[in-house]
Amino acid sequence: MKEWDAYKIGARMEQRRKQLGYTLADIADQVSVAFSTIQRYEKGKIENIKVPVLESVARVLQVDVAWLLGKTDEMQPRTLTYPLPQVTDDVVTFPIIGEVAAGYEHLAQEVWDGDTVDIPVSFLHGRPRSDFFVLRVCGDSMYPMYLDGDTVLVLKTDTLEYSGQTALVLYNTEEATLKKVEFAAGENWLRLVPVNPMYQPRLLEGEELAACRIIGIPRYLIRETK
């Protein structure tokens, strides 16, 4: 006897995702699984969803796991919460080395005011600590995906996996922003796209494109409750 109904989970995932205005790629980015995996979850094609993945999906969708499993009709939306870590050999401590704008015109400054965060080793997926860094978000152009004050674990990379992926971008030489990045193969432009409809996309081409580079991909969101 199955513990849960994969089709019901998929239907509720899709319902809540669309309610929040997220794409499949948004969920895949925040849960750190493949786009195709999230797509198969929503279609009910994977019955043995791992519990940690299910919990991560529920956290991103701001719902109770019991609702996602179909065990209750109360969605019980809640603030995304990063559980307080137990300081053991299973966590890695990162300094929070500055801010990234969920907006535009924000200077990229690698400064440290003493703040740190403990990240479970499992979140690094076997990569060395040196492959990651942690930044704090400022601004609301990526609301509700990222909020002002959120802390983000970023995987260092200078490439994107697909158009529309959320990335940390350095542009105009010294300005940094967190945005969805759209592009077309063979064409010389990038479009920085906010999630919040109150903000307009920004097209980079010509000299601006030449001065632009991808710094990293957000891999885990840490949000404190108030």
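Predicted model: local features only at pLDDT ≥ 70, side-chain atom pairs only at ≥ 80, totals over all residues.
Student: OK, how many helices and strands does the protein chain have?
Tutor: Six helices and nine strands. Helices (H or I, at least four residues) and strands (E, at least two) are DSSP runs, numbered from the N terminus.

Student: And what share of the residues is buried?
Tutor: Of the 226 residues in the protein chain, 47% are buried. Buried means under 20% relative accessible area, exposed over 50%, and partly exposed in between, with a 1.4 Å probe and protein chains only.

Student: Let's look at α1. Which of its residues are buried?
Tutor: Ala6, Ile9, Gly10, Arg12, Met13, Arg16, Arg17 and Leu20. Looking down the axis of α1, these buried residues fall within an arc of 170°, so they line one face of the helix. The arc is that of the directions from the helix axis to the C-beta atoms.

Student: What's on the face turned away from that buried side?
Tutor: That face of α1 carries the exposed residues Tyr7, Lys18 and Gln19.

Student: And what covers the buried residues of α1?
Tutor: The cover includes α2 (24–31), α3 (35–42), α4 (51–61) and α5 (65–68).

Student: You mentioned α3. What do its buried residues pack against?
Tutor: They pack against α1, α2 and α4. The buried residues of α3 are Ile38, Tyr41 and Glu42. Seen down the axis of α3, they fall within an arc of 95°, so they line one face of the helix. Just after α3, Gly44 takes a positive phi of about 75°.

Student: Switching to strands: why is β7 called largely enclosed?
Tutor: Strand β7 covers residues 189–193, and four of its five residues are buried, so the rest of the structure largely encloses it.

Student: Which strands does β7 pair with, and in what sense?
Tutor: β7 pairs with β6 (residues 175–182) in the antiparallel sense over three bridges. β7 also pairs with β8 (residues 202–205), again antiparallel, over four bridges. Two strands pair if DSSP finds at least two bridges between them.

Student: Which residues are bridge partners there?
Tutor: Lys180 has Val193 in β7 as its bridge partner, and Leu192 has Arg202 in β8.

Student: New topic: where is the cis peptide bond?
Tutor: The cis bond joins Tyr143 and Pro144, with omega at about 5°. Pro144 lies in the loop between β3 (132–138) and β4 (151–156).

Student: Last one: is His125 buried or exposed?
Tutor: His125 counts as exposed, because its relative accessibility is 57%. His125 lies in the loop between β2 (116–120) and β3. Its phi is near 50°, a positive value in a residue other than glycine.

Technical notes:
Residues numbered from 1 in each chain as written. Heavy atoms only, no water. Contact = heavy atoms within 4.5 Å.
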